[in-house]
Amino acid sequence: MAPAVDSLFFAVRSACSTAQWSRGVELSRAGAVFLDREGEEEVIFRIAARGGMIGRAVTLYPADNDWDCGCDRPEAGCEHVAAAIITWKRASEKGQDLTVAAQPAGRVGYRFRRDAGGLTLERVVSTAEGQQALESTLAAVASKRVSGPSFVAGQADLAVELALGTHRRGLLPRPLVGKVFARLAHCTDIELDGAAVSVSPEPVEPVVRVEDQGDGFRVRLVANPSVTESFANGVALCGRTLRPVGEPKLTGRELHELPRGRRYGPSDVAELMTEVLPSLRRRVPVEVVTDNLPETVAENPARADRVVAEPRDTLGSGYARLRRSPPRARGRGTSGSSAGAGAGTR
Ligand SMILES: [Zn+2]
């Protein structure tokens, strides 16, 4: 990779101001450059801020002669990228391995565990030698107010810590799940009972399923099919990704009735197609697992809404609409009210 390192070195140097470049030289000399990981196309470094343990992540792409730094400076170059490439160039000149020139520092990892009340979360500092629980704040360890393993944390680790607030370890409280997951999505070293997982802030919601029932249909609220395991504190495992469980946007009555299922007989099909399903589709994912519903309407919400006019007109309610009144009493108000209307109780 030596020619690629040389070429990237000159590209970074010409992108940096003299001041940025000389700060990069200082950072490299001061041993502030740590190797995070080497990928096939990129090498990621962490540059420790002055005296602290919070680092900037710098990614170098030697094959593309490109780089990336999280410092948000508008200029193309910065002292962090300079420090990383200077360290790498020196190692390459000495024939040194990068793991020697830029020693891998400990990094913050996140360990979820299954527990009776849901998922617990613990932070650790993980190094080549193993891992150690992190029980105080990053700032406290960095300022040496409390003893702890040495590490270089990233901005994402700080953001997670802020989202956790005073929570240090144990069961992750449900109200924190969404906020913490939004920050954890930017972290990489996450495990669930020893297996690597990722975290997504995208909530996973239950779905409404329409299925055959006798000569009619049943509309029922079921778990999202992508969920492989649910935990009591509002977290779901979907394959290898942890996601918050979202609250379905249903009315109180729907939340009460739909988990048991609501039946629509042959004479209720028009209402199911023109009111109930379009209303539900605006609020929750709907899964149709029957071939007996009129197909074009069942699978195309836009068309379903367009079809609405026809049965209403045939019922003589077109006149009412001309007078700018709701065509039918149960269509009034929010979309939620129509789905909550009477058919299911028959
Ligand atoms: Zn930078």
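Mentor: Start with helix α3, residues 79-94: at 1.5 Å a residue its 16 residues should span 22 Å, and its end C-alpha atoms are 22 Å apart, which agrees. The expected span is 1.5 Å times one less than the number of residues. Helices (H or I, at least four residues) and strands (E, at least two) are DSSP runs, numbered from the N terminus. This is a predicted model, in which local features need pLDDT of at least 70, side-chain atom pairs count only at pLDDT 80 or more, and totals for chains, interfaces and linings use all residues. Residues are numbered from 1 along each chain as its sequence is written.

Trainee: Which residues in α3 are buried?

Mentor: A residue is buried if 20 or more other C-beta atoms, placed from the backbone, lie within 10 Å of its own, exposed if 12 or fewer, and partly exposed in between. In α3 the buried residues include Glu-79, His-80, Trp-88 and Lys-89. Gly-95, with a positive phi near 65 degrees, follows α3.

Trainee: How is the packing of two helices described?

Mentor: By the angle between their axes and the distance between the axes. Axes are lines fitted to C-alpha atoms, for helices over the stretch in contact, and angles run from 0 to 180 degrees between N-to-C directions. Helix α2 (residues 18-29) packs with α3 at about 55 degrees, the axes being 7 Å apart. Angles under 35 degrees count as roughly parallel, over 145 as roughly antiparallel, 65 to 115 as roughly perpendicular and the rest as oblique. α2 and α3 are therefore oblique to each other.

Trainee: At what angle do α6 and α7 pack?

Mentor: Helix α6 (residues 155-164) and helix α7 (residues 174-184) pack at about 175 degrees, with axes 8 Å apart, and are therefore roughly antiparallel. Taking contact as C-beta atoms, placed from the backbone, within 7 Å, Ala-156, Ala-159, Val-160, Ala-163 and Leu-164 of α6 meet Leu-176, Lys-179, Val-180, Arg-183 and Leu-184 of α7.

Trainee: Are Asn-65 and Asp-193 buried or exposed?

Mentor: Asn-65 is partly exposed, with 13 other C-beta atoms within 10 Å. Asp-193 is exposed, with 10.

Terms used
Two residues are in contact if their C-beta atoms, placed from the backbone, lie within 7 Å.
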